[in-house]
Amino acid sequence: MPKSSAERTNARKEEIISAAESLYQKKGFKDITIQDIARETSFTRTSIYNYFETKEEIFMALLQKEYERWVEELDTVIKTHTEMGRDDVADVLAVSLENRKLLLKLMSMNHFDMEENSRLERLVEFKVSYGASIKAVGRLLQKFCTDMSDGDRQDFIYSFFPFVYGIFPYTRVTEKQKTAMEKADVGFTYMSIYQMAYTCTRKLLSKN
């Protein structure tokens with residue numbers, strides 16, 4: 001059966017997003033161009049502009065995809081578990097973040113520029129996925145931390161999400177950065193994504 005126009009459009013968008021994801025594993029955002037992305041696809045650079053107006057729109061779509069994957073993982077835990085303590089909830093969130101290294105790396109980018117250089121309709125699509133992740137964390141707390149009030153859950157989320165945005169740089173320190181910190185007499189103790197996420201999430205949960 002021939003694909004519909006919408007299916008073809010979505011497939012082409014996915015190809016472009018996947019190309020950006022592949023390049024981002026090897027190069028920094030600022031070093032990737034639309035032409036680079038085009039070389040990884042079956043499209044020309046000009047054709048890509050039929051689907052995304054800017055490089056920022058492509059990477060925001062990739063971030064949206066990562067949020068959707070995170071929500072799916074959290075919802076699977078919610079559906080397949082009947083009871084968990086706060087230690088378990090902290091573990092679930094820490095494991096889910098350990099599994100989403102690309103999400104954390106994208107989060108550490110300059111969101112203001114990414115969002116400012118994207119069309120409103122693309123930004124709305126992204127915000128829907130971002131909002132879905134907040135709701136998924138809320139559902140996790142509501143099901144398993146039953147003694148938390150609505151206000152407690154809101155306080156947790158307002159602390160948890162800004163914290164998540166800052167995890168990646170602390171767990172990906174280069175040798176050059178380590179040397180600079182040593183010379184500046186700045187102490188550094190390596191922590192994995194899981195260790196950092198679990199420790200801080202458990203502390204946040206203990207306050208509510």
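Q: What is the mean pLDDT of the chain?
A: Where pLDDT is low, predicted coordinates should not be read in detail. This is a predicted model; the chain has a mean pLDDT of 93, with 98% of its residues at 70 or more. Confidence is highest in helix α5 (residues 86-98), at a mean of 98, and lowest in helix α11 (residues 175-183), at 88.

Q: Is T46 buried or exposed?
A: Exposure is read from the relative accessible area, with over 50% counting as exposed. T46, in helix α3 (residues 45-48), has a value of 55%, so T46 is exposed.

Q: Which side chain of opposite charge is nearest to K55?
A: A salt bridge requires the charged atoms to be within 4 Å. K55, which belongs to helix α4 (residues 55-80), is buried and has no salt bridge: E56, the nearest side chain of opposite charge, is 5.7 Å away. The K55 side chain does reach the backbone oxygen of I32, at 2.8 Å. Beyond its neighbours within four places in sequence, K55 contacts F29, K30, I32 and I34.

Q: Which residues have the most contacts inside the largest nonpolar core?
A: They are I37, V137, F156 and F160, in a core of 63 residues. Helix α4 supplies the largest share of this core, 12 residues. Leaving out neighbours within four places in sequence, the contacts of F160 are W70, L93, L97, V137, T201 and L204.

Definitions and conventions. Residues numbered from 1 in each chain as written. Predicted model: local features only at pLDDT ≥ 70, side-chain atom pairs only at ≥ 80, totals over all residues. Heavy atoms only, no water. pLDDT = per-residue confidence, 0-100. Helix = DSSP H or I, 4+ residues; strand = E, 2+ residues; numbered from the N terminus. Buried < 20%, exposed > 50% of the residue type's maximum accessible area, 1.4 Å probe, protein only. Lys, Arg positive; Asp, Glu negative; His and termini not counted. Polar contact = N/O pair within 3.5 Å; in protein donor to acceptor, adjacent residues only side chain to side chain. Contact = heavy atoms within 4.5 Å. Core = buried A, V, L, I, M, F, W, Y, C linked by side-chain atoms within 4.5 Å.
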